[in-house]
Amino acid sequence: MALVMTATPLAMTHRGHPFPDTALIIQWHVLGMFLPSFVTGALIQRFGAFRMMVTGVTLQFVCVVLNLHGETWWHFWASLILLGVGWNFLFISGTTLLTETYRPAEKALVQGCNDFLVFGIAALASLLAGVLLNSVDWRGINWSALPILGVVVITLIWHRLRQHPATPESLAPVASSGD
């Protein structure tokens, strides 16, 4: 998220969009990141962290598709709102799941390591945004986001399979009454 978010104003400037338009899009993106927080917890309670993460990664895929589809103000605006809301759902749901993985005595260490990794990678992505924009262009940045989102999808599938392992009974064919 940080890579696309940080590269967006640079890409818009390269495409000739005026600074006030760029600033407005970033403002809407920040709203997308934080405004849903008022209801994300309730949505997680109702639908579960897994479904909210699937929704978040789906929104981020749609963001990339929009960015690859066009470079008008509307493309940038809609994609960055989706990017922000998707980030919100993934971040809060992921943090919720994280709290289920450690013992109380490990809380400070696990939360600290998680924050260090999340924000360290975000800082690195932000620092690389300009370099990547110049070397692979806007489309390349968005194409590079797809494998990262793919890793998130694979991780979600792995997590789901660990939560609901297949049993021999669940894999057996259902006998029909006409036999």
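Here is a short chat about pockets, a nonpolar patch and one backbone angle in a predicted model.

Colleague: What should I know before I look?
Modeller: This is a predicted model, where local features need pLDDT of at least 70, side-chain atom pairs count only at pLDDT 80 or more, and totals for chains, interfaces and linings use all residues. Residues are numbered from 1 along each chain as its sequence is written, and side-chain values use heavy atoms, with hydrogens and water left out.

Colleague: How much space lies in the largest pocket?
Modeller: About 1500 Å³. A pocket here is an open set of points on a 1 Å grid over the protein atoms alone, where a 1.4 Å probe fits, with protein on both sides within 12 Å along at least five of seven lines. The volume is the space filled by probe spheres set on the points, which are joined across faces, edges and corners.

Colleague: Which residues lie nearest its centre?
Modeller: L90, F91, V118, I121 and V152, out of 42 lining residues; a lining residue has an atom within 4 Å of a point.

Colleague: Which element gives the largest share of that lining?
Modeller: Helix 6 does, with 23 residues. Helices are DSSP runs of H or I, at least four residues long, numbered from the N terminus.

Colleague: How do the lining residues of the largest pocket divide?
Modeller: Into 31 nonpolar, 9 polar and 2 charged. Ala, Val, Leu, Ile, Met, Phe, Trp, Tyr, Cys and Pro count as nonpolar, Asp, Glu, Lys and Arg as charged, and the others, Gly among them, as polar.

Colleague: And the second largest pocket, what lines it?
Modeller: Its lining includes F47, R51, E100 and Q163. Helix 4 and helix 6 each give two or more residues to that lining. The space in the second largest pocket is about 160 Å³, and its lining divides into 4 nonpolar, 3 polar and 3 charged residues.

Colleague: Changing topic, which residues make the nonpolar surface patch?
Modeller: L24, W28, L31, L35, F38 and V39 make that patch of about 610 Å². Helix 2 gives the most to the patch, 3 residues.

Colleague: Where is L31 found?
Modeller: In helix 2. L31 has a relative accessible area of 41%, so it is partly exposed, between buried at under 20% and exposed at over 50% (1.4 Å probe, protein chains only).

Colleague: What is phi of D137?
Modeller: Near 70°, a positive value in a residue other than glycine. D137 lies in helix 6, and D137 counts as partly exposed because its relative accessibility is 36%.

Technical notes: Patch = residues over 30% accessible without salt bridge, like charges linked within 9 Å, V, L, I, M, F, W, Y side chains within 5 Å. Areas by Shrake-Rupley, 256 points an atom, 1.4 Å probe, with all protein chains shown as cover. Salt bridge = Lys/Arg side-chain N within 4 Å of Asp/Glu carboxyl O.
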